[in-house]
Amino acid sequence: MSNLALIMAAGQGTRMKSETPKVLHKILDVPLVRYVISAAQAAGCERTLVVTGHQREAVEATLPDSVEIVHQPERIGTANTVLVAEEALRGAEGKLVVLSGDVPLLRPETITALMEACNGVATCVLTAHVDDPTGYGRILRNEYGAISGIVEEKDATDEQRLITEINTGIYCFELEGLFDRLRKIGNDNVQQEYYLTDIVQVCLDEEASVGSITVSDASETLGVNSRVQLAAATSVMQRRINEAWMMAGVTMTAPDLCWIAPDVTLEPDTMLLPMTFLSGATTIASGSVIGPDTRIVDSSIGADSLVDSSIVLSSQVGPHANLGPRAYLRPGCVLDSNVKIGTSVELKGTHVGEGSKIPHLSYIGDAEVGAGVNIGAASVTCNYDGEKKSRTVIGDGAFIGSDTMLVAPVTVGAHSVVGAASAITKDVPEGALAVERNDQTIVEGWVERHRGDSARKEAR
């Protein structure tokens, strides 16, 4: 017997007021639906099906290869959303947990508990108690406490709207008989849709068992139907992730001002300062200090490094590095140990060797910088000629003077020196001095002859 998951991701989400499908809106740079997929798989579901509809191409492009895709041609209700998966599930046995692609905070442990509660039960409903049930279907119970129905708010009476136990929209079903029951659901309601909630009444009419469990933390079932709810869900996820990392030995001086995506890995004794954003497959090694005002995406930072007020994208930074303030590493950079990348320095597609320094106001793109190199302020590798990009190679121990232009393709040999304010267009041999400057010209009395009294008045 298998545990399977079906994730409903076909809706448009009109209340988001967005051209982007609702399930692709992001929390901590991860689409909502990806959280739901991860939770289902972490709960042990052997197969995960995602039902797509509105803008299916955009949604499907974000889905991992580990899921199966089912298309819902018409969005005519949640019962139909499950029914369209009948062919994909033909011959399957076991339990099917039905999740919503816009409920990203559900924990794997809750999904597991729901599946366990469905043992021997045709339908099991996950419920929650909330202070404000507005917008949710209400759980109806009989005098014995058993579920007697679910009513949507639009169809509820004034008395039923006072009920604070809500339907979370999350269910677990025994697959046997499920699709026959779904076909019995009608659309005699205000919306003229086929509600999955009505399967409870179908089961009761058949005298099939209906069970429920109530989630202990109602925030797990927070649905995202508006930008306000997206912000609320982001705060919950941010706090959940940050608390877990702090318990694991990470220091955050202001946790509310740190944003860490779920795929980020942090080692103990990392310190995160305010306004730090970490996303993608980023790893931060022990002893590093990140921030303030720093964004790192899909990158690795070595042990005992400092990244201050900087941006690092798709790059690798070795141990004992010092970046910033306001350094910018564009994709494809590799920094070896003890590298200094200083104030307002931009790197792209560049490897910097051990102990090298680029301290100030420089752009180094498409370059191979050896070990022990010093590059002076305001230096640039001129890597683009308008048609193609070329590489610059700087050998070990070279010294590049301030305001130097290295016009690629060019190689500066090991232990050579390039004089400040040079434009280097030819290779520099190892151990050589390269200086490229025009002679300075001075014309005495030029200002007085050409500007006269006006220059003296402006000076005063």
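User: Which residues of H1 are buried, and what makes them so?

Analyst: In H1, the buried ones are Leu32, Val33, Tyr35, Val36, Ile37, Ala39 and Ala40. H1 itself spans 32-42, and it is called a helix because helices (H or I, at least four residues) and strands (E, at least two) are DSSP runs, numbered from the N terminus. Just after H1, Gly44 takes a positive phi of about 95°.

User: Good to know. What should I keep in mind about the model and its numbering?

Analyst: This is a predicted model, with residues numbered from 1 along each chain as its sequence is written. Local features need pLDDT of at least 70 and side-chain atom pairs count only at pLDDT 80 or more, while totals for chains, interfaces and linings use all residues, and side-chain values use heavy atoms, leaving out hydrogens and water.

User: Why is the contact of Arg138 with Glu153 called a salt bridge?

Analyst: The closest N and O atoms of Arg138 and Glu153 are 3.0 Å apart. A salt bridge is a side-chain nitrogen of Lys or Arg within 4 Å of a carboxyl oxygen of Asp or Glu, so this pair qualifies. Arg138 lies in strand S8 (residues 138-141) and Glu153 in the loop between strand S9 (147-151) and S10, so the two tie together parts that are 15 residues apart in sequence. Arg138 has a relative accessible area of 2%, so it is buried.

User: How do you know that Glu165 and Arg141 are paired too, and is each of them buried or partly exposed?

Analyst: The N to O distance between their side chains is 2.8 Å, so Glu165 and Arg141 meet the salt-bridge limit as well. Glu165 is in strand S10 and Arg141 in strand S8, so this pair ties together parts that are 24 residues apart in sequence. At 8% relative accessible area, Glu165 is buried, whereas Arg141, at 32%, is partly exposed.

User: What makes Lys184 and Glu206 a link between distant parts of the chain?

Analyst: Lys184 and Glu206 form a salt bridge, their closest N and O atoms being 2.6 Å apart. Lys184 sits in the loop between helix H5 (178-183) and helix H6 (199-206), and Glu206 is in helix H6, 22 residues apart. Lys184 has a relative accessible area of 53%, so it counts as exposed; Glu206, with 34%, is partly exposed.

User: How many salt bridges does the whole structure hold, and which residues are linked in a network?

Analyst: The search of the whole structure finds 16 salt bridges. Glu86, Asp180 and Arg183 are linked in a network of them.

User: Which residues line the largest cavity, and why is it a cavity rather than a pocket?

Analyst: The lining is made by Val36, Ala39, Leu99, Ser100, Val103, Leu106, Ile111 and Ile170. On a 1 Å grid over the protein atoms alone, a cavity is a set of points where a 1.4 Å probe fits but cannot get out, a pocket is an open set with protein on both sides within 12 Å along at least five of seven lines, and lining residues have an atom within 4 Å of a point. The largest cavity has a volume of about 40 Å³, and the structure holds 1 cavity of 30 Å³ or more. H1 and strand S6 (94-100) each supply at least two residues of its lining.

User: What is the volume of the largest pocket, and which residues lie nearest its centre?

Analyst: About 1400 Å³ of space lies in the largest pocket, a volume being the space filled by probe spheres set on grid points that are joined across faces, edges and corners. Its lining has 40 residues, with Arg15, Lys22, Thr78, Asp102 and Asn225 nearest the centre. Strand S1 (2-9), helix H3 (78-83) and strand S10 (165-174) are the elements giving two or more residues, and S10 has the largest share, 4 residues.

User: And where does the largest share of the second largest pocket's lining come from?

Analyst: From H1, with 5 residues. The volume of the second largest pocket is about 510 Å³. Of its 24 lining residues, Arg34, Tyr35, Ser38, Pro262 and Asp263 are closest to the centre.

User: What makes Asp269 stand out?

Analyst: Asp269 has a positive phi of about 70° although it is not a glycine. It is in the loop between strand S14 (265-266) and strand S15 (271-272), and its relative accessibility is 58%, so it counts as exposed.

How values were computed: Buried means under 20% relative accessible area, exposed over 50%, partly exposed in between (1.4 Å probe, protein chains only).
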